[in-house]
Amino acid sequence: MWNKLTNHVFYTNNDPETDRPCIGYVKGEKAALLMDAGNSPAHAELLKAGLAEGGLPLPKYVALTHAHWDHTYGLCSWDAVSFAGEKTNAILGEMKKWQWDDASMKGRIESGEDSEFCFIHIRKEYPDRSAIKVEQAEISFTGEINIDLGGVNVILKEVVSPHAEDCVVFSVPEDGLLFLGDSYCSVPVGDDWVYDKELLGNFIAWLEEEDFSIAIKGHHPPQKKAELLAELKADYNAL
């Protein structure tokens, strides 16, 4: 289940059936960190089982890339110190108030708070939506924060993204790796996925200056930096 990518970094493949994203894991000499929490307790338990099978310790830390449900609703299942950007934690605080009946969910689609895409996949992942438990991270930050795992560091950085207003990426400089979450993604609008051209252009410019060799993407296979930039520039030029 867990694929080894570098000396310290492992990742899982995404599962589009219920919109389970790629999850990252960084193992240092002193501790391990999980990159995103999974989209449900069931997803989190599967991740834990995979770690046990691979002889990897449970994470001491869990960090969130943004507030979207598929990356955060598994947080309640991890016994770990959790980190999120201040914006992400504020959004999760609002989500804690949400109701999960069909009428409430459809109302959020109409208001633009949520999307039909999320509605479809949440119902698949949660046959019993009363089981949804939204939690905020214990530690929030602005700008960036460094977590020393022993021999390897994970730097959490807030970025301007075409996907969401609260995106954070994780840099592992010792391994030349960048964990993007969904920061590279467009957003669902009806049946389409649409980029804001200005935000995408700013994100591409930021990526070009960032020092990394490999990127782990939230819903696609890892890519080398040049491949990622070529793909995003093609999307930009098509707008």
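Leaving aside its neighbours within four places in sequence, which residues is W2 in contact with? In this predicted model, where contact means heavy atoms within 4.5 Å, the partners of W2 are F10, Y11, T12, I23, G24, Y25, L34, L47, G50 and L51. Residues are numbered from 1 along each chain as its sequence is written, and side-chain values use heavy atoms, with hydrogens and water left out. Because the model is predicted, local features need pLDDT of at least 70 and side-chain atom pairs count only at pLDDT 80 or more, whereas totals for chains, interfaces and linings use all residues.

- Seven strands, in the order 1-2-3-4-5-6-7, form an open sheet with mixed pairing, where two strands pair if DSSP finds at least two bridges between them.
- Strand 1 (3–4) and strand 7 (139–141) stand at the edges with a single partner strand each, so one side of each is left without a neighbour in the sheet.
- Strand 3 (residues 24–27) runs antiparallel to strand 4 and is joined to it by four bridges, with L33 in strand 4 as the bridge partner of V26.
- A further open sheet, also of mixed pairing, is formed by six strands in the order 8-9-10-11-14-15; its edge strands, strand 8 (144–148) and strand 15 (223–224), each pair on one side only.
- Five bridges pair strand 8 with strand 9 (residues 153–158) in the antiparallel sense, and D148 stands opposite N153 in strand 9.

- R108, which lies in helix 4 (residues 102–111), is buried (under 20% relative accessible area, with exposed over 50% and partly exposed in between, for a 1.4 Å probe and protein chains only).
- R108 has no salt bridge (a side-chain nitrogen of Lys or Arg within 4 Å of a carboxyl oxygen of Asp or Glu), and the nearest side chain of opposite charge, D114, is 4.3 Å away.
- The side chain of R108 reaches the backbone oxygen of Q99 at 2.9 Å.
- Not counting residues up to four places away in sequence, R108 touches W98, Q99, W100, E113 and D114.

Notes:
Helices (H or I, at least four residues) and strands (E, at least two) are DSSP runs, numbered from the N terminus. Lys and Arg count as positive and Asp and Glu as negative; His and the chain ends are not counted. A polar contact is a pair of N or O atoms within 3.5 Å; within protein, one must be able to donate a hydrogen and the other to accept it, and residues adjacent in sequence count only if both atoms are side-chain atoms.
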